[in-house]
Amino acid sequence: MDVMRLKYGIGITLVVAWKVKTIAKAIVDEDVVKQYYYLEAYSEELKPVCVGNNYKLILERPPGLLLPRFGSFYMCLEASKLAFKCACKSIIRLDGCHLKNKFGGKLLIVVGRDPNDQYLPIAFVMVENQTKDTWKWFLKLLINDIGDIEVNKWIFI
């Protein structure tokens, strides 16, 4: 209401502001829902481009006739794997953040540092909760993608 008044010189009521906010939130939430529908198609499009691209999409199928529900999504691109193996330092950084949308969840990511001290994303996963099990699942997939820990002696932070 203050922005409308100061920037545009228009006074609006609390009811109008609430209605506009509700409409805007519905538009954003609808876009988020569409993006979840596109995850599988997007991943399938990346596969023929480079055979080394790896992704895992887990959908939970509740009993009955309900539609499948998003469980988790993992992605590691071949270019990131090769750049990490060839040029990066042997330190792997782990981090996670909250997804602030209609569905919530967590984004867990693994990054390396290249010779220019820039961050290089290696792989990421979207999960419902950040737990030991989700981190274990994520790191197992990562090790399968980038190789054995014993051979390369990586340091995880």
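This is a predicted model: local features need pLDDT of at least 70, side-chain atom pairs count only at pLDDT 80 or more; totals for chains, interfaces and linings use all residues.
**Salt bridges and a pocket: a quick chat**

Trainee: Okay! How many residues apart are lysine 81 and glutamate 78 in helix α3?

Mentor: They sit three residues apart, about one turn of the helix, and both belong to α3 (residues 78-87).

Trainee: And is lysine 81 buried or exposed?

Mentor: Buried, because its relative accessibility is 6% and the cut-off for buried is under 20%.

Trainee: Which residues are linked with Lys81 in a network of salt bridges?

Mentor: Glu78 and Asp145 are the ones linked with Lys81 in that network.

Trainee: How many salt bridges does the count come to?

Mentor: Five. Another one joins aspartate 117 and lysine 89, at 2.7 Å from N to O. That pair links distant parts of the chain, 28 residues apart: aspartate 117 is in the loop between β4 and β5, while lysine 89 is in the loop between α3 and β3 (91-98).

Trainee: Why do those charged side chains pair up at all?

Mentor: Side chains of opposite charge can pair when their charged atoms come close.

Trainee: What is the relative accessible area of lysine 89?

Mentor: Lysine 89 has 40%, so it counts as partly exposed. Aspartate 117 is partly exposed too, with 39%.

Trainee: Which arginine forms a salt bridge with aspartate 117?

Mentor: Arginine 113 does, with the closest N and O atoms 3.8 Å apart. Arginine 113 is buried, with a relative accessible area of 16%.

Trainee: What about the phi of aspartate 117?

Mentor: It's positive, about 60 degrees, although aspartate 117 is not a glycine. Most residues other than glycine have a negative phi.

Trainee: Switching topic: what volume does the largest pocket have?

Mentor: About 550 Å³. There are 17 residues lining the largest pocket, and Tyr36, Pro68, Arg69, Phe70 and Phe103 lie nearest its centre.

Trainee: Which element gives the most to the lining of the largest pocket?

Mentor: That's α2, with four residues. The elements that each supply at least two residues are α2 (14-49), β1 (54-60), β2 (69-76) and β5 (119-127).

Trainee: And how many residues of each class are in the lining of the largest pocket?

Mentor: Twelve are nonpolar, two are polar and three are charged.

Definitions and conventions. Residues are numbered from 1 along each chain as its sequence is written. Side-chain values use heavy atoms; hydrogens and water are left out. On a 1 Å grid over the protein atoms alone, a cavity is a set of points where a 1.4 Å probe fits but cannot get out, and a pocket is an open set with protein on both sides within 12 Å along at least five of seven lines; lining residues have an atom within 4 Å of a point. Grid points are joined across faces, edges and corners, and a volume is the space filled by probe spheres set on the points. Ala, Val, Leu, Ile, Met, Phe, Trp, Tyr, Cys and Pro count as nonpolar, Asp, Glu, Lys and Arg as charged, and the others, Gly among them, as polar. A salt bridge is a side-chain nitrogen of Lys or Arg within 4 Å of a carboxyl oxygen of Asp or Glu. Buried means under 20% relative accessible area, exposed over 50%, partly exposed in between (1.4 Å probe, protein chains only).
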